[in-house]
Structures are given as structure tokens and as C-alpha cells.
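I opened my notebook to look up a few things in this structure.

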Amino acid sequence: MKIKQKDTRLLFYGAFAAFGTYFCMYAFRKPFTAATFENYMFWGVDYKIILIIAQVMGYALSKFIGVKLISELKPKKRLTYLITMILLAELSLILFGWLPMPYNGIFMFTNGLSLGMIWGVVFSYLEGRKFTEILGVILCSSFIVSSGAVKSVGILVMQQMEVSEIWMPAVTGAIFLLPFVLFAVLLERMKPPTAEDIALRSERKAMTGADRKRVFLAFLFPLTILVVFYVSLTALRDFRDNFSREIWDAIGYQDNASIYTLSEIPITILVLLIMGAMNFVSKNDKALMYYHYLVLFGALTIGLSTILFQITLISPVLWMIVTGFGLYICYVPFNGMFFDRMIATFRINGNVGFLLYIADAFGYLGSIAVLLYKNFGQGSLSWLQFFISTTYIVSALGVGVALISLIHFKRKYKRAQLLNSKIVKL
């Protein structure tokens, strides 16, 4: 697919606005994980784990709510949703700093509850366009690089401004509040999909309860196995993200604020290039199949790189980069682009938000389960060893699911084509 000169402005504008909006959102979600809360325990549990679980529980609950709200969202309400959610998230962080421990942990839950809707709202501006892959992968690159970047900012806030660990999340969020609003306003000014976009990718509509039930039942099997894999991906990605400081410390990079950002840059660039290239696959059915090949490749990369690290054939830094690359090659497609092509291939009457939030809802439940298992079931295992073990599980599961899903979608598409040809003949 050629990019015409008139499309360049839309691509740049949309990518800039979407990237900026979600990058700033992460400043309200992730900086607290840069703190260690080393001397705080509650009921015999590390306080940082309690805070992470609380936030992820709020995030997971918002995803279940979002299955309905995001799938039914009307375009005119999107900006109101974005600004309201981010203000509530910052208010939660202020109350988190104000209230004494451990009672302030409840506001990390409300923080996650507020932020969980934002991805679906932002992606609704981008879906159903001929350049959705390019826009979507740039949006996804924001959460790859922003997680490390905002944690670096959080550490600098504590080191340079001498802000306590408890108040650091609110201060970091306040720094990014105005930029978030400005980027959200820019996103709202983005033009809706054109007639050409609709012809290529199908029109995206707000869904009713009957619409959701029909789509869910029609794709029950592939959604089930893909969600199972996505649960493991989300758990691994969240674990790597939330405990990156502990993992980096374990491999010899204590108190290195820049490593969180620098290690994510090559991952972001590679994923951006590979996923962006998918936009040039014009046929939706082929693109859907290629996404399966990428997932298969990413799953194999995760497992093989860990083997090479354990037998000391690659350095710890290279291992973290390569596993991160494999993880995000698998993870990024399920954050909108895979489902966008799925809707376009089968001309589904609906939107990405519905399918995405089904996957996300269970994905974050899996993340909570992993945290609880690590703390109560494998408490003696180091963060590094637990991460290593999890990479093998995700790798094996990913290979199996990618192959089964690929075969299923190929058969389903052939049946749909055969049925359509019979209807045309009649």
C-alpha cells in the first residue's frame, strides 16, 4: 500500500497525538514502581507488592467494565472520558500521598480503575483506517518506551527534588498533567475514517448487547485460546515492568536510572519497524495470518534468548533487550492491530474495543494471579529466577496457541469465502 502525500499529514498528526496522550498517561500509572518501599510490610507482605496488586486489580476491573462501555462509546464522548479519567487518576495519587500507610493503598486501586479505560478510548480514534497498523504500532511503542522513561523521571524526582517515595507518584503525574490534556485535545481534532478507509477495513460501530453476544459466540474458540496466551503475556509483561528495578539490580545495574529507558529504545525501534511494515499488507486475511507468524517468532525468541543467557552465550543486558523484543512482538498485535484485521477480514459488525477489552480483562486477572503466586507460592524464589521460569512457560504456550489459532482462522476464512461464493451464484 502506497502512502500518498495527502496521507502524510494525517499519519504524522495522528501518531503524534496518540503517542503523546498515552505516553503521558503512563506518568500516572508506573512511576511508583521505581520506588522500593523497602522497609514497609503489611500482614507480612512486601508493601510494594500490595500496591501493585491493588493497582492491577483496579485496572482489571476497569477492563471488565470497558467491555460494555468502550464497545458502546460514541465519538462525541471520547475527550470527556479521557480528561475525566486522568483527573481522577491524579486525584488518587494525591490522596495516596496524603493518607498514611497502609490505608493509602486503596487509592492505588482507584488509580488503576481510572486509567484502565484510556487505551480503548485512544485506540478508537485509530481503528478502521488504512493506516491503522502504523498508527497503532506508534501508539504501542509509547507504552514500551514510556514505562522506562517515567520511572526514570520518578527516580529523578526523588533524587533531585528530594520528594519522598509516597509523594513521588503524585508529583510525577502533575508534571505530565497539562501535556496529557494538550495531546488529548489534538487527538480529538483528528479527522474520522474516510470512505476509502471504510471500504478497506469496514466501518466501526458502537455495539449493542446483542452485537457483543453474536460476535463472541461466532469466535468463541479462537478468542478463548488467544486470551489464554494473552493472559500469560500480560502477566510476564507486567512482571517485567513492575519489577524491572529488582531484575536489573539482580544482574548488576543497581541505581542506574538511565538503563530503564536505554534498554527499551532498541526494542521500541525494532517493534515499530516490523509492526509498521504490516500496514503494507493490503489483504486483511493475509495480514491476519502474518500476525500469527509474528507471534510464533516472538514466542520462540523469548525462550531461546533465555537459554542463551543461562548458558552465558549472551550478556544480561542483551538478554533483557531480546526477551523484551520477543515479548512485545507477541504482545503489541493483541493491543488492537490483530483484532482490527480480524474485524476487517470477517466484516464483523463491531469495533476493536470489545475484543480488546475481553482479552485485557482476563489478561490483568492473570497478572494478579502471577503476583500472588510469586509472593505466596514461590516466596523463596528470587525475582530474577521467577522471571526466567516464566519466560519458558510463555514461550511454550505461545508456540502452541499461534499454530492452533493459525490453522483455525485459515479454515474459518476458507469456509466464509466458500459461503460467500455460493450466495453470489444464487
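Predicted model: local features only at pLDDT ≥ 70, side-chain atom pairs only at ≥ 80, totals over all residues.

I then checked Cys140 itself. Its closest cysteine sulfur sits in Cys330, at 13 Å, again too far for a bond. My count of disulfides in the structure is zero.

I also looked up accessibility. Cys24 has a relative accessible area of 3%, so I logged it as buried. Cys140 is at 0% and is buried too.

Next entry: helix α9. I read it as residues 209-218, with Asp211, Arg212 and Val215 buried. Where do these buried residues fall around the axis of α9? Looking down the axis, I saw them within an arc of 95°, so they line one face of the helix. Lys213 and Leu217 are exposed, on the other side of α9. A reminder to myself: an α-helix has 3.6 residues a turn, so residues three or four places apart point the same way.

Last entry: the largest pocket. I noted a volume of about 440 Å³. It is lined by 24 residues, and Pro75, Arg78, Ser124, Arg204 and Lys205 are the closest to its centre. Two elements give two or more residues to the lining: α5 (118-124) and α17 (352-377). I sorted the lining by class and got eleven nonpolar, six polar and seven charged residues.

Key: Residues numbered from 1 in each chain as written. Heavy atoms only, no water. Disulfide = S-S within 2.5 Å. Buried < 20%, exposed > 50% of the residue type's maximum accessible area, 1.4 Å probe, protein only. Helix = DSSP H or I, 4+ residues; strand = E, 2+ residues; numbered from the N terminus. Arc of directions from axis to C-beta. 1 Å grid on protein atoms, 1.4 Å probe; cavity = no way out; pocket = protein on both sides within 12 Å on 5 of 7 lines; lining within 4 Å. Points joined across faces, edges and corners; volume = space filled by probe spheres on them. Nonpolar A, V, L, I, M, F, W, Y, C, P; charged D, E, K, R; others polar.
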